[in-house]
Structures are given as C-alpha cells and as structure tokens.
Amino acid sequence: MNFKPVAQASPNTFEFETRALVKPTGFREYDARWWFGHPSSTKEPELNLIGVQALGMGIGTLIRRLGAGPDIVVGHDFRSYSMSIKLALVSGLLAAGARVKDIGLALSPMAYFAQFALDTPSVAMVTASHNENGWTGVKMGAQRPLTFGPDEMSALKEIVLDGDFELIGGGTYEFVPDFRKTYIDDLVAGKRITRKLKVVAACGNGTAGAFAPEALERIGCEVIPLDVELDHTFPRYNPNPEDMKMLHAIRDKVLETGADVGLGFDGDGDRCGVVDNEGNEIFADKVGVMLARDISALYPNSTFVVDVKSTGLFNTDKVLADNGAKTDYWKTGHSYLKRRVAELGAIAGFEKSGHFFFNPPIGRGYDDGIVTAIAVCQMLDRSPSKSMADLYRDLPLTYGTPTMSPHCDDELKYGVVDKVVADFETMKRNGETFAGQKIVDLVTVNGVRVVAEDGTWGLVRASSNKPELVVVVESPVSSERRREMFEGVDAVLRRNPSVGAYNQTF
C-alpha cells in the first residue's frame, strides 16, 4: 500500500483499496474532520481506512518531534464506524513506534482525563463530535490539558500529506479495562448536593448516555433520562445541545415532568446545554454568565475567558463587576479557549457552543460537559431559594440568536470572511450607517464582531470544523434591533454568491 495520500479516490475501485485517501481540508484549525461516507449519501468520501493509518503514522511522528514521547491515549465515540477508524489509527501509531493505551468507548473529556490518570502526555480521540453521521475526526493533544492549535495542525498536515513519516516500529498496545468507572468516580468525588433536584439528562442517543445519567445520580440528583439509550442511527436528532431540535425536546420533557433543570450533552460529551424549569432554552453564553456570577462570589477577582460569539453581559453585568471579575474575549474554538484559559490562569472559560473549561479547583482545564452539568447543579444547590428560571431572570435582558450557519465550501469560507471584514472596515472608516446606526467597534480577533452605538452586535466567522460560516446577533435593546442587525449582516454576506442557506434562523 502507498501511504502518501491522494486527495481524491472513488470507493469500489482498486485505487481506493490501495492508496491513502486524505482530503487536505480535513485538517482544521484545532482538530481533524472528514466525511467518511454514509449509505444514505452519494457524497464522495474524503478519507478511507488507509488514510486513517497514514494519519496515525503522522500523529506518532509528530508527538515524538514535539518532545512529548511515544505514549498516547486513544478512545472512540459511539458511531457504527468509529471503532474501525480507531483501530486503523492505532495501526498507524504502532508503525510510528507509539505506546498506545486504549480506553475503548469514551467521551472526549474521558480521554483528556486519561492523560492525567494514566500519566500519558498525548491523546487521540476518534470522534465526529456533534457532526451528522458519516463524519469522523480526531481530537488530539500532546500537552495536557491543551489540544492541538493551528501550529500543531499545520505540522501534522504537512507530515501526512508529504508522507514524511518516521516508521521506527517497536510500538506497543495496551487496552485499559474498566476506565469508564475510573472516570465517573473522579467526576463525582466530593461533589454531593443537598438540594433535591429533578434533572432531565438528554443525550440524543449519543455516547454521553453511558456516562451522564449515572454521574448526576451519584451527586444526588433525581435523573429523568431522555434519549439516553445508545443508538448510532440518532433516530430523533443529532446529539447537539446547540441545535434547536434537541433544545425543544429537552424543554418539552422538563415541562412534562416538572423538572428543575434540563441538561443536554453532545455526541462526545464535551458540551452541555441548559433548559430552565419553565422551559426556557438558555443559550450557553448566558449560562456562562450565571456560572461566572456564582464562581466569582466564591472566588472574588476571578478572570474569565469567553469567545467572540458570546453575550456582551460579561463586560457590562453589575454583579460580575461588584465581584471584581474580569473577562477576556477570545477566538472561538475549544482549543483556542482552552489555551487562553491556561495562559491567563483564568478560573474558567465559556464558549457559546457549550464548551466550558474549568481550572482548579473546579476542573483540570479541559472541556467536559458533565463537569459543566455538575457545576450547574452546584450553583442551584447554593441558591436554595431560587429556581433556574429565577437565576436566568436575574440577568439583564438581552435579545440573542442561536448560532446560525449558512453553507460555504471549506475552500472558500475564509476568503469570504476576509471580504466581509474588509467591507465592515471600509464602512467604519467612512463613517457609514449600518443597520440604522454608526459602527462604534469592530472586533477582528476571529472573523468580525460589528458593534453599533446602542451595543447591538453581529458576528461573522468561518466554522472551524464544517463547510459553513457562523453568524450570531445580540441586542441589549429590543428584538427589533436584533432583527435589523441580522438583516444588515446577512445583506453583507449575500454579496458573496458562495454563501448558501442557513441551517437555522430565529
């Protein structure tokens, strides 16, 4: 077999069975994602199993060059093809001399935890996260608790696509039994709530169903399970707590059962979505503000990191200001936020997608949806006279949107965002009116966040893991101003014919 990859190869051909297929666009900013194929789709695969072997050879080569040594944890999420992809990855790692510790079926945060518990510097977790069936990918790291950023991903891409492998052999394989128990025991250690909470645990039939309900029960919650049975066909909806279909299902279950809170987990368990006891679907950035209020009361003068998609309340909330809290707005993406939290020594980082990062004493710095869920339960435990809806109402009112993603090809999306940034910079420079007001600020650390005089803002950035753009809008004034900003941002986007339809709007 030839392990120097090709960018295209059709299934059911000699080439597909003898060449490594690795489409270059699968190497994203901070992890890897490819379309592996699905029986219901005619879309051509971007990766085959020989390509996965080549990826394993590349990871094994890179971690040695980074000075992390040969030891690496691997795991896989619950999809029909994930175990075969993991085993192909392992064969490539072994060829590159890696010493593999396989924890089996896992959540991404369970794999990150294994880096600490098994004293193993590197990790390669096979997961497509919340992507639809047919996608696969790998989340990687070589410096716990951090995952790869653009520099490491660029180096990996170059090694794999050039076939620049160091196949020294001598690798070893060890399966780690019963690691699920070790992980759950650590999650719940010392975390017992006294308030009787009825909690909906929604898992969308994804991997978290084997973990989250037990963890919540063990801290003292009465758990109402929702789609916790593992089923890799995802019969109701994709396990994605940022998707309104999943949030609506959680809302309905909360209202049906009179639960105190609904908690939803994505396919690989590193994100958590929240619905309050009145059925309000709380966007994750607002959950972050609530948790920041709670944490900064316990630890005054704390620093928080949030992504550019997040609400402006982190800068304007009086409770946070009174607690001495400081907030840093940073690039969207779990790897970027994780790294920034570590750099600043922040106590926590919150991303609008639901990736939350807690440093000691709350967590170990990586994103874990169950740690987030436990933190929400502890916040309610510390506020015995208030419901989740009360805590939500205590926040200043703003009018936000879900994360909206118009299609844009991977090869084109960054160029489109560059054009959008340039258009807004020209408008601001010329003092033009946009969406009814002047532009007072442009935040360009990650795409562009355009801010109007009344604090209404809109964001456009490129998705880091799908062929999409990302659009978010918020107004502290009214739903009408939210609509005006969205229509203005959308009009700028539509100057580019390569921008397609939205996956959802509001």
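## Close-up views of a predicted model

**View 1. Where helices α4 and α6 meet.** In this predicted model, α4 brings Pro-109, Met-110, Phe-113, Ala-114 and Ala-117 to the contact, and α6 answers with Phe-179, Arg-180, Thr-182, Tyr-183 and Asp-186. Sorted by class, the contact has seven nonpolar residues, one polar residue and two charged ones.

**View 2. How α4 and α6 cross.** A pair of packed helices can be described by the angle between their axes and the distance between those axes. Here, α4 spans residues 108-117 and α6 spans residues 179-188; they pack at an angle of about 90 degrees, and their axes are 10 Å apart. An angle from 65 to 115 degrees counts as roughly perpendicular, so α4 is roughly perpendicular to α6.

**View 3. Inside the largest pocket.** Welcome to the largest pocket, with a volume of about 630 Å³. Its lining is made up of 30 residues, and those nearest the centre are His-130, Asn-240, Glu-242, Glu-468 and Asn-503. Looking at the lining by class, you will find 16 polar residues, 11 charged residues and three nonpolar ones.

**View 4. A salt bridge between Lys-23 and Glu-46.** The structure has 43 salt bridges, and one of them joins the side chains of Lys-23 and Glu-46, with an N to O distance of 3.8 Å. Lys-23 sits in the loop between β2 (19-21) and β3 (32-35), while Glu-46 belongs to the loop between β3 and α2 (49-65), so this pair ties together parts that lie 23 residues apart in sequence.

Notes
Residues are numbered from 1 along each chain as its sequence is written. This is a predicted model: local features need pLDDT of at least 70, side-chain atom pairs count only at pLDDT 80 or more; totals for chains, interfaces and linings use all residues. Side-chain values use heavy atoms; hydrogens and water are left out. On a 1 Å grid over the protein atoms alone, a cavity is a set of points where a 1.4 Å probe fits but cannot get out, and a pocket is an open set with protein on both sides within 12 Å along at least five of seven lines; lining residues have an atom within 4 Å of a point. Grid points are joined across faces, edges and corners, and a volume is the space filled by probe spheres set on the points. Ala, Val, Leu, Ile, Met, Phe, Trp, Tyr, Cys and Pro count as nonpolar, Asp, Glu, Lys and Arg as charged, and the others, Gly among them, as polar. Axes are lines fitted to C-alpha atoms, for helices over the stretch in contact, and angles run from 0 to 180 degrees between N-to-C directions. Helices (H or I, at least four residues) and strands (E, at least two) are DSSP runs, numbered from the N terminus. Angles under 35 degrees count as roughly parallel, over 145 as roughly antiparallel, 65 to 115 as roughly perpendicular and the rest as oblique. Contact means heavy atoms within 4.5 Å. A salt bridge is a side-chain nitrogen of Lys or Arg within 4 Å of a carboxyl oxygen of Asp or Glu.
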